[in-house]
Amino acid sequence: MSIVGAFDVHRRQLTFDYLDIETGEVRRGRIVPADREHLRAWLARFAGRDDVRFAVEGCTGWRYVVEELLAAGIEPHLAEPADTAALRGKKRHAKTDKADAAHLRARLLAADLPECWIPPAHVLEARAVVRLYKDLLDERGGWHQRIAATMFHQGVPAGSSMDTAAGRAAAAEAQLSPAGRQAVEAGLRQIDRLTGELDPLRRQLDLISRRQPGCAALRAAHFGIGAVTAVAIWAELGDVRRFGNSDDVVRHTGLDITVYSSDGKRSAGHLARQGPPLLRWAL
């Protein structure tokens with residue numbers, strides 16, 4: 001006897017659809033709310049069985065679902081969202097959570113589910129750290145741009161970065177309106193706050209990059225790859241043994257050139273930009 005099923009993951013509920021191959025019975029429903037505790041309780045019905053498989057799409061929320069499946073002794077399958085949607089074909093009726101779960105279950109049963117690599121826990125943790133660093137870095141860059149825009153709008157010439165003493169001194173001496181001065185000082189405080197968050201994260205990433213063999217090899221072999229980019233490339237690229245050749249790696253990063261051609265008309269090539277954005281940033 002075997003169970004094949006799938007989850008459609010949302011913030012408020014998990015929609016499930018599973019088939020008992022021996023009896024032919026299909027069960028559908030929802031787990032509400034969508035959290036570890038309720039999912040763990042629901043999975044208890046399969047305790048002691050080793051013939052249960054469930055699929056879940058690789059979108060936000062998949063991590064805790066896969067972790068709970070593994071903890072319950074259930075074989076997880078992580079579906080690649082775009083390729084899985086393409087298998088659905090042309091839209092013939094309204095898309096629903098139940099239809100999505102049934103589609104995943106059918107693809108898993110037919111053994112043609114496009115699957116993603118499921119990273120081990122230490123890789124997921126490294127991803128979370130480097131993504132946090134990038135988010136904070138982007139926010140700090142936004143404050144730099146706001147300060148520069150405010151000063152330019154009030155006629156202050158472009159000068160040194162606000163990360164330097166010269167830049168701070170120029171901002172302090174600039175002729176700004178009271179509101180402009182308030183905006184610049186608030187921006188500088190936010191930059192200092194974010195820098196205080198970024199510095200320990202960078203030290204943490206540097207430690208990971210020195211201890212992890214793949215990151216250390218990247219830093220040693222390629223000029224310009226440092227602590228942050230080494231961890232980003234290693235964590236986002238994952239186990240390279242799953243790629244058949246270098247073209248597959250380029251396609252995974254979204255750095256391949258896509259060209260649309262139809263009836264003699266050909267648009268200019270552009271980057272596919274499919275895959276992890278952080279990996280493209282690091283590369």
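Figure 1. Just after helix 2, Gly-73 has a positive phi of about 75°. The model is a predicted one, in which local features need pLDDT of at least 70, side-chain atom pairs count only at pLDDT 80 or more, and totals for chains, interfaces and linings use all residues. Residues are numbered from 1 along each chain as its sequence is written, and side-chain values use heavy atoms, with hydrogens and water left out. Helix 2 spans residues 62-71, and Trp-62, Tyr-64, Val-65, Val-66, Glu-68 and Leu-69 in it are buried (under 20% relative accessible area, 1.4 Å probe, protein chains only). Helices (H or I, at least four residues) and strands (E, at least two) are DSSP runs, numbered from the N terminus. The cover over these buried residues includes strand 1 (3-9), strand 2, helix 1 (36-43), strand 4 (52-57), strand 5 and helix 5, with contact meaning heavy atoms within 4.5 Å.

Figure 2. An open sheet of mixed pairing is formed by five strands in the order 3-2-1-4-5; two strands pair if DSSP finds at least two bridges between them. Strand 3 (25-31) and strand 5 (75-79) each have a single partner strand, so one side of each is left without a neighbour in the sheet. On average, neighbouring strands of this sheet are turned by 20° against each other, direction ignored (axes are lines fitted to C-alpha atoms).

**Figure 3. Strands 2 and 3.** Strand 2 (residues 14-20) pairs with strand 3 in the antiparallel sense, over seven bridges. Asp-17 stands opposite Arg-28 in strand 3.

**Figure 4. The largest pocket.** Its volume is about 1100 Å³, the space filled by probe spheres set on grid points joined across faces, edges and corners. On a 1 Å grid over the protein atoms alone, a pocket is an open set of points where a 1.4 Å probe fits, with protein on both sides within 12 Å along at least five of seven lines; lining residues have an atom within 4 Å of a point. The lining has 35 residues, of which Glu-80, Cys-116, His-252, Gly-275 and Pro-276 lie nearest the centre of the pocket. Helix 5 gives the most to this lining, with four residues. By class, the lining has 16 nonpolar, eight polar and 11 charged residues; Ala, Val, Leu, Ile, Met, Phe, Trp, Tyr, Cys and Pro count as nonpolar, Asp, Glu, Lys and Arg as charged, and the others as polar.

**Figure 5. Ala-149 in helix 5.** Ala-149 lies in helix 5 (residues 121-153). Ala-149 is partly exposed, at a relative accessible area of 44%, which falls between the limits for buried (under 20%) and exposed (over 50%).

Definitions and conventions:
Axes are lines fitted to C-alpha atoms, for helices over the stretch in contact, and angles run from 0 to 180 degrees between N-to-C directions.
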